[in-house]
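Hi,

Here is the structure I promised to send over. My notes on it are below.

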Amino acid sequence: MRRCRVRVCVRVLFMNIDLSQPGCDHPGKWIHGTLYNDCMAHISRRRSLVPAMTVALALTALLGPAAGGAAAVTPAAGSRPAPAASADDRAVVAGLERYAHPLRSTEPGGSMDDLRAFGRMTRGADIVGLGEASHGSKDVFTVKERLFRQLAEHEGFSAYAMEISWSAAVRLNTYLATGEGDVRQIMRDEFQDGYSLLNTEELAHLFSWMREHNRGGGRQLRVVGLDYSDADPEQYDRILTWAERNEPALLPELRRRYAALRALPTGVAARMAAYNALPLAEKKTMAKDAAAAHQLLSGAGKRDPWVLQEALVLSHMAAEYTVDWSDPAQAKAASRLRDRTMAETAVWWQRQTGERIAVSAHDGHVSYETVMPEAYPVTMGADLRELAGRKYLAVGTSLYGGDYRARTATGGEGTYSVGPAAPGSNEYTLDKVRHRDFYVDLRAAGRDPVVGGWLTTARPTFVIPGRYPNQPAPPLALGRAFDVVVHLHHVRASVPVAPAR
């Protein structure tokens, strides 16, 4: 009898549907749920479309079209009449309207006066999570740029942390500090494979604005890479160069420990594919060596916190490539470790620099509560609250309907529609507020008993995966997941950076 094998990656969450494993000789075995975030956000970032992932990718193709997959809602100009309200939710809508602040626009540029109240909401927090209901929607990212501009220009924030590799952030920071290189070419180089949904004009615009801000002097803005799915050769070189200058006795051993990792091919996609293809025994040896290198640097007479952080990232990366994703216990532990590590990296950066930091990630990461505890037991947001206390504030995004880009089960990309939000969902009620696009402090609104009861009740909520087909509406209680929510009536699909000529 054949063994059932389904790889469940750290980049995967599940939703609320049961399906049997195709080709499995044990009909009683079930996978509970739907593949939730793709590997930029969750699978192929590390696992690409290598043979080890083909079963998991095939599963997503069986799950049917996105829930409520009606045609995209056509946006209207300015404020609009709210959908018809039932007697049950009129009091909730009235309560939300007392605390809702309209957005002048989702596009960057122009007056920021409409975001002054948002700035006040973040005071007292050193780390602010900026969530995204979709990895592939233009307006979600343009409004996040507006929020970050407000934080950077008026609230003293200096870093924008993302679900990208540490080494990709180092390249971007060189551009932000010096203008060296072409930002779109850097993105083409670094945002490959499962990261490809981030290779967008919206993020290129954000990075270009950060560069212009830095040219003006004053507080310099930087990008932080929270993820550890890849490391470029320069990351090893920085560690070895530091050792040569400060602890030369360690250099031969460090070179030996990093030799196999440094021998991987250049190029993100090629390197990840080659790493995945290695025998497990070889990957375990590489992980042991990376951990030993970190320990060696940690015990040195001279220590540099930035060098230690780079070595720690390499150790995390090498360890994760040894995970057996067909083992549910290992998969769950790896999922747990990833969110914990991203939280620890954000807190480390904030404490190391003493500056305030925005953490940009999927709503499923920045929230305090998970949409799938059996696969993703604790979120990054919950870890940030544990590590930073009330110094962490979670901001989620919400949308009534629109378009998004996602990866397909065969490794391509497409544009898909979601919504309009169904009656009974969180977005259906939020969209009855009289403002087209707005943000609301849920902590303040929740003091109203009626609104508070609504906020603490789990309802279908768009948490849109990075892979299609999908089931994008798990139950979530907004008031337990976020401190602030930004609601958008309609979103457009993000615009990919064009290939180089």
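**Salt bridges and a buried helix face**

E155 is buried, at 9% relative accessible area (buried means under 20%, exposed over 50%, partly exposed in between, with a 1.4 Å probe and protein chains only). Keep in mind that this is a predicted model, where local features need pLDDT of at least 70, side-chain atom pairs count only at pLDDT 80 or more, and totals for chains, interfaces and linings use all residues. Residues are numbered from 1 along each chain as its sequence is written, and side-chain values use heavy atoms, leaving out hydrogens and water.

The side chain of E155 meets that of R123 in a salt bridge, 3.0 Å from N to O (a Lys or Arg side-chain nitrogen within 4 Å of an Asp or Glu carboxyl oxygen). E155 sits in the loop between α5 and β5 and R123 in the loop between α4 and β4, so the pair ties together parts 32 residues apart in sequence. Helices (H or I, at least four residues) and strands (E, at least two) are DSSP runs, numbered from the N terminus.

Another salt bridge joins D383 and R336, with the closest N and O atoms 2.8 Å apart. D383 is in helix α16 and R336 in helix α14, so this pair links parts 47 residues apart in sequence. D383 counts as buried at 0% relative accessibility, while R336 is partly exposed at 23%. Salt bridges with shared partners connect R336, R340, E344, D383 and E386 into one network.

Then there's α9, where Q235, Y236, I239, L240, W242 and A243 are buried.

Cheers
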